[in-house]
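Have the sequence and the fold side by side. We will walk from a helix end to the sheet.

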Amino acid sequence: MDDCPVFDGLYDFCSFSAGSSLDAARRLGSGQTDIAVNWSGGLHHAKKFEASGFCYVNDIVLAILELLRIHPRVLYVDIDVHHGDGVQEAFLHSDRVMTLSLHRYDGVFFPRTGAMDEVGGRAGKYYSLNVPLNEFIDDASYYDLFKDVLTRVMEAFKPAAIVMQCGADSLGSDRLGSFNLSIKGHGACVAFVKSLGLPMLVLGGGGYTIRNVARCWTYETSVVTGVELKDELPRTEYYAHYEPDFSLHPPIVDPQLENQNTRQYLEDIKKQIAEYLRYIGGAPSVQMQEVPPDLQGFRDNGNWEPHPNEIT
């Protein structure tokens with residue numbers, strides 16, 4: 001595909017991206033950490049048999065599969081401006097993974113999926129949740145919607161772990177995006193997920209105004225680690241890229257853009273999500289006796305026998 005060309009070092013790129021997410025998931029599953037971050041991951045468009053949207057290997061799916069070895073239910077949350085189609089497709093028929101994607105949708109905007117009526121199928125019906133948004137949504141509207149929907153999801157699904165894709169193309173002034181979020185507004189969603197107190201894998205994703213992607217993920221790293229950063233950027237070899245303000249939180253929101261998401265439209269989304277969640281009738285039970293072995297165990301031990309600490 002035109003958006004996924006073959007280039008020198010592609011295998012290494014995919015190995016580092018996917019391998020880092022897998023390693024992060026293993027550390028979460030083993031209890032070595034409660035929050036893990038891989039900003040090189042979050043490639044949510046890749047499919048099982050197809051590269052798509054600058055995504056070659058879907059590290060998110062691999063990480064979720066790893067987490068499912070330990071955890072009965074995993075919630076996937078996507079705040080990229082584009083629909084998380086590859087992750088939704090992978091778990092379309094599963095009730096152990098709920099996917100929640102907030103994205104722009106008009107039937108034309110890439111990847112042209114993510115309508116509200118895409119809800120999954122078979123055992124996974126109503127476990128795929130989509131929040132299709134119009135252009136130029138602002139911080140207040142986005143956060144209110146995000147918090148309301150996610151609170152309902154937590155109550156109904158009761159996940160044991162959360163994977164969050166933090167695509168920065170939902171920021172204002174992004175070259176390919178069309179939302180109007182500030183860096184603090186974007187980070188507020190990450191802070192809310194962190195406040196839920198579950199094992200959390202934080203991933204990157206899209207973002208095409210590179211200086212703002214770096215700002216956003218720097219700020220969100222500080223959010224998940226509990227470190228307060230100064231607004232003034234330190235002088236480094238990349239300092240000139242952040243002119244003219246040289247700050248962590250520049251004025252990237254355009255006050256002239258009118259939010260195309262009316263209050264009534266957003267309230268209707270909340271009501272529809274609540275209705276879908278009513279259909280699932282509570283969190284599905286999962287009988288687990290022995291944690292399935294993984295590839296790392298085979299590499300370390302030369303066999304597929306699980307480690308004694310992984311017997312539940």
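Just after helix α7, G281 has a positive phi of about 65°. The model is predicted: local features need pLDDT of at least 70, side-chain atom pairs count only at pLDDT 80 or more, and totals for chains, interfaces and linings use all residues. Residues are numbered from 1 along each chain as its sequence is written, and side-chain values use heavy atoms, with hydrogens and water left out.

Helices (H or I, at least four residues) and strands (E, at least two) are DSSP runs, numbered from the N terminus. Helix α7 covers residues 263-280. Its buried residues (under 20% relative accessible area, 1.4 Å probe, protein chains only) are L266, I269, K270, I273, Y276, L277 and I280. Seen down the axis, they fall within an arc of 130° (taken from the directions from the helix axis to the C-beta atoms), so they line one face of α7. K271 and R278, on the other side, are exposed (over 50%). The cover over the buried residues includes β3, β4 and α4, where contact means heavy atoms within 4.5 Å.

Now the sheet. It is open, with six strands in the order β1-β6-β5-β2-β3-β4 and parallel pairing. Two strands pair if DSSP finds at least two bridges between them. Strands β1 (35-38) and β4 (128-133) are at the edges with a single partner strand each, so one side of each lacks a neighbour in the sheet. Six bridges join β3 (residues 97-104) to β4. In this region, H103 stands opposite P132 of β4.

Terms used: The expected span of a helix is 1.5 Å times one less than its number of residues.
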